[in-house]
Amino acid sequence: MLALSVLAAGCQGYVGDTPTRPGQGRALPEGVVQPAPQSRAPRLTHDQWERTVQDLFGLEEPTGLSDSLRADSLRGDATFDNRGGELEVDEALWSGYQRASATVAEQVVDDATVLDGLAPPGGDPDARAEDFVRELGARAHRRPLSDDEVTEYLNVFASASGLYGDLDDFRAGARLTIEAMLQSPFFLYRIEDSVDEEEGTIPLDDYEVASRLSYTLWGSMPDEELFAAAAADMLSDPEQVEVQARRMLEDPRARDVVVDFHRQLFDVDTFGGISPDPDVYAGVSDRLGELAVQEHDLFVTEIVFHRDGSYRDLLTSSDTHVNDELAAVYGLEGDFGDEMELVSLDPTRRRGIFTQVGFLASNATRRSSDPIHRGVFLAERVACIHIDAPPDDTPAPEVSDGQTTRENIELHTEQPGSVCAGCHAQIINPFGYPFEHFDAVGAWRDTENGVMVDPTASPPIDGAPTPVSDATELAESLADSTWTHECYVRHWIEYALGRASAPEDQALVSELAEASRDESLPVKELLVSIVTSRAFLHRSLREESE
């Protein structure tokens, strides 16, 4: 079957008879996995800064100081917040880093347990100072310090005498040195210095691999075992990288990262804005958005970690977590309390993450369903079809009493020859209509305004109109789609490498997507495959800005 032809300007992703995936462009040798250009000095995100500070000093809780840092802003096409090469340090953020480093240093030095853990008391003061600088510096820079760097930090250490009132010389030196290390570019950025070329790429050194691994799987610095593996030159071997990756995926920090990835991919932050009209939904909890976030996080954790599940499972599982308030929205019978518990929903009505309350209610108006926003979301985030914003003067669809939402949308967006019809009739609306059994809060309905709802549609799946009868059939069709799995893999590569999608990714994307679709490759195995790939363990000869 011919691929869907996109007629309207602004709908990108399928053109004529040739399917064009995002990131495709110049040809590469078939099957060759090449690293794409990216920044050699990606800056830590604020979340990564927070986690790194906590792990660097072994603190029991996060400092919370990242909340006071100037918020980052990225280009409008960024799905994830960790495009390190786009994260800048301006005067406002630099001032924030200075204040935060001073606060952290003071807290560490005032806590004898933390400070003694960094530098056990006793012995020669000069030797203790050098041990402190070398040990903490290697962890803060995420590689051993050079002799020149040790000398510079020792000079900073010595200059602190008398700066902090009655602090003794060691505590004063430690405090000023901590401030300096937390403001170092080698702390704030993950600088990759390797330059030796091998077969057209630059292999990362062991410490650079350790940092890529830890910030991909934990969002933080390497731990002692990972540092030891780097020191032993083990991480130049992909098999040893795999050993470390599997170990790291068993750590709770990996769960936080996987949840964070799906939160950003599926716009879970928007769930907090769910606010159904109380005149229409009087019995719905005012905590619906908060509960939807909890449901999402528990669902992802259950599928990925408790069941070792795949993207197919995320798209099609009928299990979820509810409390009494969510159970009411889902129409579940039985006794439920305030705590979330695992339940199975009716598989003939609900399959996967897109038939859960969070997606449905956050992509709805306060009073009714919204096929347009639901459709745009699936087209862009699940099928990787880019859709430009409509012209500024495009009027919103009017709502006519007595008609269904679908009837109104068809009337105002699918008129032949109109500016709207190309995108809406062929892409947006067909992705949104299958969810018409779900109202503005995600509850099931058979009728709207006394009329039977119509959830049938033919969304463009793998470039061809694919008939589906409702949301459950759409979920199954998406789970069987090559392009759906390619889109998901591409998103993971973007997140893992902290950069936009690139043509060089396609060989790896195709390989992993095929396994994800045909063999239901578990998400954790997908991550292991990414971090052991040539694209992850090597750097391009070109930088992102070239």
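Reply: A salt bridge is counted when a side-chain nitrogen of Lys or Arg lies within 4 Å of a carboxyl oxygen of Asp or Glu. By this rule the count comes to 37 salt bridges. The model is a predicted one, in which local features need pLDDT of at least 70 and side-chain atom pairs count only at pLDDT 80 or more, while totals for chains, interfaces and linings use all residues. Residues are numbered from 1 along each chain as its sequence is written, and side-chain values use heavy atoms, with hydrogens and water left out. As for the general idea, side chains of opposite charge can pair when their charged atoms come close.

Take Asp90 and Arg70, whose side chains meet in a salt bridge at 3.1 Å, N to O. Both residues lie in the loop between α1 (46-57) and α2 (91-110), so the pair ties together parts that are 20 residues apart in sequence. The helix names come from DSSP runs (H or I, at least four residues, for helices; E, at least two, for strands), numbered from the N terminus. To say how much of a residue is open, we use its relative accessible area: buried means under 20%, exposed over 50%, and partly exposed in between, with a 1.4 Å probe and protein chains only. On that scale Asp90 is partly exposed at 35%, and Arg70 is partly exposed as well, at 23%.

Another pair joins Arg253 to Asp251, again by a salt bridge at 3.1 Å, N to O, and Arg253 counts as partly exposed with 22% relative accessibility. In the pair of Asp297 and Arg263, the closest N and O atoms of the salt bridge are 2.5 Å apart. Asp297 counts as buried at 16% relative accessibility, whereas Arg263 is partly exposed at 29%. Salt bridges can also share partners, and in this way Arg43, Arg70, Asp72 and Asp90 are joined into one network.

A nonpolar core is a set of buried Ala, Val, Leu, Ile, Met, Phe, Trp, Tyr and Cys residues joined through side-chain atoms within 4.5 Å. The largest such core has 101 residues, and those with the most contacts inside it are Leu217, Phe354, Leu378, Phe431, Phe435, Tyr488 and Trp492. Leaving aside neighbours within four places in sequence, Phe435 is in contact with several residues, among them Phe354, Leu378 and the charged Arg374, where contact means heavy atoms within 4.5 Å. A second, separate core of 42 residues includes Leu44, Val104, Leu115 and Met221.

For comparison, look towards the later part of the chain. Ser516, in helix α21 (residues 506-518), is buried with a relative accessible area of 1%, and beyond its neighbours within four places in sequence it is in contact with Tyr311, His485 and Leu521. Glu519, by contrast, sits in the loop between α21 and α22 (523-531) and is exposed, with a relative accessible area of 63%. Although Glu519 and Ser310 are 209 residues apart in sequence, their C-alpha atoms are 9.3 Å apart in space.
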